[in-house]
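Please read them beside the sequence and the structure.

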Amino acid sequence: MKTTTRVAVIGGGVVGCSVLYHLTKLGWSDVMLLERSELTSGSTWHAAGGFHTLNGDTNMAALQGYTIRLYKELEEITGMSCGLHHVGGVTLADNRDRFDMLLAERAKHRFMGLETEIVGPEEIAKISPITNLDGIIGALYDPLDGHLDPSGTTHAYAKAARMGGAVIETHCMVRETNQRPDGTWDVVTDKGTLHAEHVVNAGGLWAREVAAMAGIYAPLHPMEHQYIVTDDIPEIYERETEHPHVVDPAGESYLRQEGRGLCIGFYEQRAKPWAVDGTPWSFGHELLPDDFDKISESIEFAYKRFPVLERAGVKSVIHGPFTFAPDGNPLVGPVPGLRNYWSACGVMAGFSQGGGVGLTLAQWMIEGEPERDVMAMDVARFGDWISPGYTRPKVIENYQKRFSVSYPNEELPAARPNRTTPMYDIFSEMGAVWGQRYGLEVANYFATGNEPHYETPSFRRSNAFEAIAREVRSVREAVGINEIHNFGKYRITGPSARRWLDRIMAGRIPKPGRLSLSPMLSEHGKLIGDFTVSCIDEETFQLTASYGAQAYHMRWFLEHQEDGVTIENISDKLNGFQIAGPKAQDLLAACTRTEVSDMRFMDVRLMTVGMTDCLVQRVSYTGDLGFEIYCDPMAQRQLWNTLFAAGQAHGIAPFGMRAMMSLRLDKFFGSWMAEYSPDYTPAQTGLDRFISFKKNIDFIGRSAVEAEHKSGAARRLCAFVVDAKDADVNGYEPIWLDGTVQGFCTSGGYSHHAGCSVALGFLPTERVVDGLEVAIEILGQMCKARLITVPLFDPDGTRMRG
């Protein structure tokens, strides 16, 4: 066996082989894969082998499209067959909510260039005549759906990798991974020790155990999954063409032709986690015992939906484990806190996503970043707070909801509440309706009187509409108070702090007592953060950004840390409130002996509020007169008592995140992972106005954004007032102009202040002009929309800045 390599990929399933192939495709030939048994010995060999493009995240859907198109390329490169069957497929909808979801997905596909279509019962009967259409409203048809030979495809990846110079070592058991001081790795196997610059964990069913060798926890759990292959069915083998795939979400099943019969699998509610305390190393080409009891209800439903099944005998039962992350998406990318250690695991849909995962990871390793935003599968989307006790119930929940309707406002209940602040019980008593972000409970809004303490999931305006309107009025007419626990917060200190921030941030670094807004950029000039930078003194700074991006941002900070700089994540060590509205300054003045009337917009001051020492900033995401007041969480309840008691004279009321997201639309403020993400640049989003092109620092991404600054961005973020009825923009709805799709929405909602529906989205720069008439497709309806350039609230910034 070789003793040195640039990359050691651990795991010989479809994902590990895809990573290996893509590394060679992008130019790294000194790469090696280690497999404890034979290739495909984990979940790969017993997979049903289906593939599809449907995914709620558009970037994931695009990567799935790449994966499917890759298979013919693999066949051409290697001369091997992947056993491709491009038969197309339909996803059925038996109620309005399911149909709304399919309409929303079809709209996303328009601007992605995917040729899916909505079909009615008559068309479904022609596509899949074995389907009982009772209660079926319609379906989404995807011509790219199909299936393949899992083993043949994996070996095609492996052969293509070998042709590119890769080495594959089977029957090679990894026992330890030990990092050297220089960041490289010793991979100890039963065949000897391999010295590798990089390690990739593609361990599949054993990814938890492989991660543990490096001293980390991978939030994954295997689930038992069962599918059935029938005996021959005349309605199938007498067809002239192969039967398409059918997904029946109501029955939690997927169905396709297998030989002269059918294969049908289930994501049943009586789901069972497998290998709770660890995957046995001895497990390999075995199956689990048949368990018809847990799928009996699913089978009964399937008999009604596909009556031919009831007459068919069972030829074989495949019952094996697959590994899931808590949200069902893969865990891909550089693992936070470790140098040169990469994750490529949790890919439960390996034959839909494996190619995209391999491409993404190879780009990340070789080029420094992937070509598109992959936050949906970035391993850094989970923080170090996550545990096996949290992962398991979330994985079970995700498995059970695999084919359920996914609503834009849905808050899933498993493993909650998990992490809470000192305000949790107080806000609960006040009627808080809770959501969660990054494991933390966040008040979405406050129900009063007889209002239900639960937001009904919907693609349309929900039962929270009136409560949100009430909270918006409180902010715009008096003063609202909102907890600021869901900001990511970082303390940067040291004699080199200012110089380091000047390099990390593209914007101006403020003087003591002031704050600034700054984009943070990748080497290629893409947005990887939008920050508030506060200068406490010359060697002490506080950064605030998205709470859910903590591990993502800390990974970047630590990768670029320099001597003389200390970086601390204080997201949960600092809490407090924001107060916003025309009475906000009066309220603050009533609670402190410090003079606040002379605080300018973007001033930062230390002051005592009530009995609590606080850091106070004059800034607010509501776009109103407002202050952020930070304190030690141990003093947060006392600070609340002070502010809320004094606020009674000023009409104070609490408001939640739903109102916040409505308020920010009045000013066209963007949101992280909607308007601002690694898919976009500062010039496209308007954040280039915060870049300091004059500073004499070669900040990260400078050359890329300077080039775009000179040439101009091809597209620009715009705001629209939409003639919507009962449903608003959520994101990725296509924007129609001159009869074609020329843009897409990033987010939207209802402005309760202005009384209208608002959308934010991208259009070609040359078409951006005030008053432009477009159409935005919302749930299959073409809604008229008008481009606006003047904010709906405080257009000249008098209240916010005055």
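1. Helix H2 (residues 58–78) packs with helix H9 (residues 350–367) at an angle of about 100°, and their axes are 7 Å apart. That angle makes H2 roughly perpendicular to H9, a term for angles of 65 to 115 degrees. Axes here are lines fitted to C-alpha atoms, for helices over the stretch in contact, and angles run from 0 to 180 degrees between N-to-C directions. Helices (H or I, at least four residues) and strands (E, at least two) are DSSP runs, numbered from the N terminus.

2. On the H2 side the contact (heavy atoms within 4.5 Å) involves residues including Met60, Leu63, Tyr66 and Leu70. Among the H9 residues taking part are Gly350, Phe351, Gly354, Gly355, Gly356 and Leu359. The residues of this contact comprise seven nonpolar, nine polar and no charged. In that division, Ala, Val, Leu, Ile, Met, Phe, Trp, Tyr, Cys and Pro count as nonpolar, Asp, Glu, Lys and Arg as charged, and the others, Gly among them, as polar.

3. On provenance, this is a predicted model, in which local features need pLDDT of at least 70, side-chain atom pairs count only at pLDDT 80 or more, and totals for chains, interfaces and linings use all residues. Residues are numbered from 1 along each chain as its sequence is written, and side-chain values use heavy atoms, with hydrogens and water left out.

4. The chain over residues 715–794 is 0% helix and 59% strand, with its end C-alpha atoms 26 Å apart.

5. Leu792 is in the loop between strand E38 (781–788) and helix H20 (798–801). Its relative accessibility of 25% counts as partly exposed. Leaving aside neighbours within four places in sequence, Leu792 contacts residues including Asp666, Phe668 and Ser751. Leu792 and Ser751 are 41 residues apart in sequence and 8.6 Å apart in space, C-alpha to C-alpha.

How values were computed:
Parallel < 35°, antiparallel > 145°, perpendicular 65-115°, else oblique. Buried < 20%, exposed > 50% of the residue type's maximum accessible area, 1.4 Å probe, protein only.
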